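Hi,

Here is the structure I promised to pass on. Have a look at it first, and then read on for what turned up.

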Amino acid sequence: YYLNLRYKFQFQQKIYVSLAAEKDAGEPFFSLYNRKGFDFYNASVQLNDFGKLHTLVLGNYKASFGYGLVMNMGFSMGKYTSFSTLNRAGKGLSKYTSMNEANYLQGAGASWKWKNRWLLTGFVSFRNQDATVDNECITTLKTDGYHRLKKDMEKKNMVNNQLIGSNLTYNGKTVELGLTGVYTVFNKVLNPDLRPYNLYYPRGKYFFNIGTNYKFFLHKFIFSGETAFDKSGKIATLNMLSYSPAVHTSLLLINRYYDKRYQAIHANAFGENSQLQNETGVYI
């Protein structure tokens, strides 16, 4: 049987607490192979707007900044997202209430605001991840969350990932600017088995990305985008120009260039492919 348990508490728009537990069909439940009961537990606390403290998250949480070239753990439909969300930058730190066992951070993060224009964010994460390990090398990061068979259990929590990141955002009347930096390291070397399709997939033990996002308003025009670099200096850039002659009418032009060697572990942005690399296109 599949089982899940959820509890959510909210006080006004300031305090959120969520607890969740899940076991997928076929996973052991309070047995010799799983004495803790449910296979996955998720706990999250979020505080909003306490003086200069804009956001505080503890436990499991998400982080999304800019337009996803460096860090985006939110839901994305790739190239087929709605027009209303294309010009919208990531919303920063937020609680994690999903049953997805892979796409989250575990630790703490906080955002401070001052002068109603600036927002400074810092966050850290320490978590174990499922993976296939061969000779101290990570050949595959397992993200389906299933622990039903012996071979699934052998991959559970096999690697440790540590992450630290920061973001600085400025929100003006006619301009929005942001700067994001993320450093992540594994305790083993990420090295997928070499195949023609994964020739430029992320490889190594540590990864660093820095990116700047921007948004300019001029009458009925909006120009926005993000440009990011990885530890090797490879570039990814996404730029959008929109024109709205009427309330329910928008004309949109998007140009993207993601270098085939660009590597970002937590990137997720407008594009055709699941990996944010090896892509050039114009979208109208």
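A charge counts as sitting over a ring when NZ of Lys or CZ of Arg is within 6 Å of the ring centre and within 35 degrees of the ring normal. Arg127 does this with Tyr104: its charged end lies over the ring, 4.0 Å from the centre. Lys231 has its charged end over the ring of Tyr206, this time 4.3 Å from the centre. Do keep in mind that the model is predicted.

On to the rings themselves. With ring centres within 6.5 Å as the cut-off for a pair, the count is 15 aromatic pairs. One of them is Phe29 with Phe38, an edge-to-face pair at 5.1 Å centre to centre with 70 degrees between the planes. Phe38 is buried, at a relative accessible area of 13%, whereas Phe29 is partly exposed at 32%. Phe216 and Phe223, on the other hand, are stacked, with 15 degrees between the planes and 6.4 Å centre to centre. Both of those are partly exposed: Phe216 has a relative accessible area of 37% and Phe223 one of 33%. Back at Phe29 and Phe38, ring pairs link these two with Phe30 and Tyr41 into a cluster.

Next, the salt bridges. A search of the whole structure gives five. Lys113 and Asp49 make one of them, with their closest N and O atoms 3.3 Å apart. Lys113 belongs to strand E6 (residues 105–114) and Asp49 to strand E3 (residues 40–50), so this pair ties together parts that are 64 residues apart in sequence. Lys113 is partly exposed, with a relative accessible area of 27%, and Asp49 is partly exposed too, at 36%.

Lys142 and Asp152 form another salt bridge, the closest N and O atoms being 3.9 Å apart. Here Lys142 sits in the loop between strand E9 (137–141) and helix H2 (150–153), while Asp152 is in helix H2, ten residues apart. Both residues are buried, and together with Asp144 they are linked in a network of salt bridges.

Then there is Arg256 with Glu279, where the closest N and O atoms are 2.8 Å apart. Arg256 is in strand E15 and Glu279 in strand E16 (residues 279–283), 23 residues apart. Arg256 and Glu279 are both buried.

Now for the nonpolar side. Which residues touch the most other members of the largest nonpolar core? They are Leu69, Met71, Phe123, Leu238 and Tyr262, out of 28 residues in that core. The elements giving two or more residues to this core are E4, strand E14 (235–246) and strand E15 (249–258). Leaving aside residues up to four places away in sequence, Leu238 has contacts that include Tyr67, Leu69, Tyr214, Ile254, Tyr258 and Phe270. Arg256, from the salt bridge with Glu279, is also among the residues that Leu238 touches.

Last, a look at Thr55, which is in strand E4 (residues 53–64). Is Thr55 buried or exposed? Thr55 counts as buried because its relative accessibility is 5%, and buried means under 20%. The side chains of Thr55 and His54 are joined by a polar contact of 2.9 Å. Not counting residues up to four places away in sequence, Thr55 touches Gln46, Leu47, Asn48, Leu93, Gly109, Ala110 and Ser111.

Over to you.

Note on methods
Residues are numbered from 1 along each chain as its sequence is written. This is a predicted model: local features need pLDDT of at least 70, side-chain atom pairs count only at pLDDT 80 or more; totals for chains, interfaces and linings use all residues. Side-chain values use heavy atoms; hydrogens and water are left out. Rings of Phe, Tyr and Trp (its six-membered ring) pair if their centres lie within 6.5 Å; planes under 30 degrees apart count as stacked, over 60 as edge-to-face and the rest as tilted. Buried means under 20% relative accessible area, exposed over 50%, partly exposed in between (1.4 Å probe, protein chains only). Helices (H or I, at least four residues) and strands (E, at least two) are DSSP runs, numbered from the N terminus. A polar contact is a pair of N or O atoms within 3.5 Å; within protein, one must be able to donate a hydrogen and the other to accept it, and residues adjacent in sequence count only if both atoms are side-chain atoms. Contact means heavy atoms within 4.5 Å. A nonpolar core is a set of buried Ala, Val, Leu, Ile, Met, Phe, Trp, Tyr and Cys residues joined through side-chain atoms within 4.5 Å. A salt bridge is a side-chain nitrogen of Lys or Arg within 4 Å of a carboxyl oxygen of Asp or Glu.
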